[in-house]
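Here is a short briefing to read alongside the model.

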Amino acid sequence: MSIDEPSLARLMAASQRGDRAAYRALLTDCRRWLSRYFARRIAPHQIDDLVQETLVSMHRKLDTWDSRRAFLPWLAAIARYRWIDALRRQRDAAELHDDDAFVDAEDEAVHARLSLDRMLMQLPAGQAQAITLVKIEGASIAEAAQICGQSESLVKVNIHRGLKKLALLIESE
């Protein structure tokens, strides 16, 4: 099955109504989507665990999805929170084992990403999501528009305004 917004939304709606076959198909498609999502963000040996954590969170929040809203941004938000939790666990573990002699490149990347996430959280959600999808993850404007449920021109405006606000935030620090 194709992993696209309308298909996932239909599977999710059927899953909420108790359709077990739809739920199995949804989990399979979400597992593939999440594996690709995390492949760009975390070490390969951690992907499976993070995918499972996210699927468990998705299961727990199944009834919170509103069928009038897009599914992928909802799933991406859950995935992002699980990913940030994983980054924090890595940082905390590194702090426990760090003798302040050096900070390796992976720790620096974790800290840089947490700093970036803190800055993005200061933006309106639409701007942060558009910047993350296009400028960080490398999605096209068309792909970002589909995921965000926005027009391509709105995605461009959100990116422009968000980057402008980020620049002001950086200058003020």
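**Cysteines, core and charges**

The structure holds 0 disulfides. Please keep in mind that this is a predicted model. The chain has 8 helices and 0 strands, and buried residues make up 43% of its 173 residues.

**Cysteines**
- Cys30 is buried, at a relative accessible area of 1%.
- Cys148 also counts as buried, with 13% relative accessibility.

**Overall layout**
- Read from the N terminus, the elements run α-α-α-α-α-α-α-α.
- Of the contacts between residues at least 6 apart in sequence, 59% join residues at least 24 apart.
- The accessible surface of the chain is about 10200 Å², and carbon and sulfur atoms account for 53% of it.

- In soluble globular proteins, nonpolar side chains tend to be buried together.
- Here, the largest nonpolar core has 51 residues, and those with the most contacts inside it are Leu26, Phe38, Met58, Phe71 and Leu75.
- At least two residues of this core come from each of H1 (5-16), H2 (20-39), H3 (47-60), H4 (71-97), H5 (105-120), H6 (125-136), H7 (141-148) and H8 (152-172).
- Helix H4 gives the largest share of this core, with 11 residues.

**Salt bridges**
- The count of salt bridges comes to 5.
- In helix H2, Asp29 and Arg32 lie 3 residues apart, about one turn of the helix, and their side chains form a salt bridge with an N to O distance of 2.5 Å.
- Asp29 is buried, with a relative accessible area of 2%, whereas Arg32 is partly exposed at 36%.
- Asp66 and Arg68 pair through their side chains in a salt bridge, at 2.8 Å from N to O.
- Asp66 is partly exposed, with a relative accessible area of 27%, while Arg68 is exposed at 73%.
- Helix H4 holds both Asp85 and Arg82, again 3 residues apart and about one turn of the helix.
- Salt bridges with shared partners join Arg82, Asp85 and Arg88 into one network.
- Within the pair of Asp85 and Arg82, the closest N and O atoms are 2.3 Å apart.
- Asp85 is partly exposed, with a relative accessible area of 23%, and Arg82 counts as buried because its 18% relative accessibility falls under the 20% cut-off.

Notes. Residues numbered from 1 in each chain as written. Predicted model: local features only at pLDDT ≥ 70, side-chain atom pairs only at ≥ 80, totals over all residues. Heavy atoms only, no water. Helix = DSSP H or I, 4+ residues; strand = E, 2+ residues; numbered from the N terminus. Buried < 20%, exposed > 50% of the residue type's maximum accessible area, 1.4 Å probe, protein only. Contact = heavy atoms within 4.5 Å. Areas by Shrake-Rupley, 256 points an atom, 1.4 Å probe, with all protein chains shown as cover. Disulfide = S-S within 2.5 Å. Core = buried A, V, L, I, M, F, W, Y, C linked by side-chain atoms within 4.5 Å. Salt bridge = Lys/Arg side-chain N within 4 Å of Asp/Glu carboxyl O.
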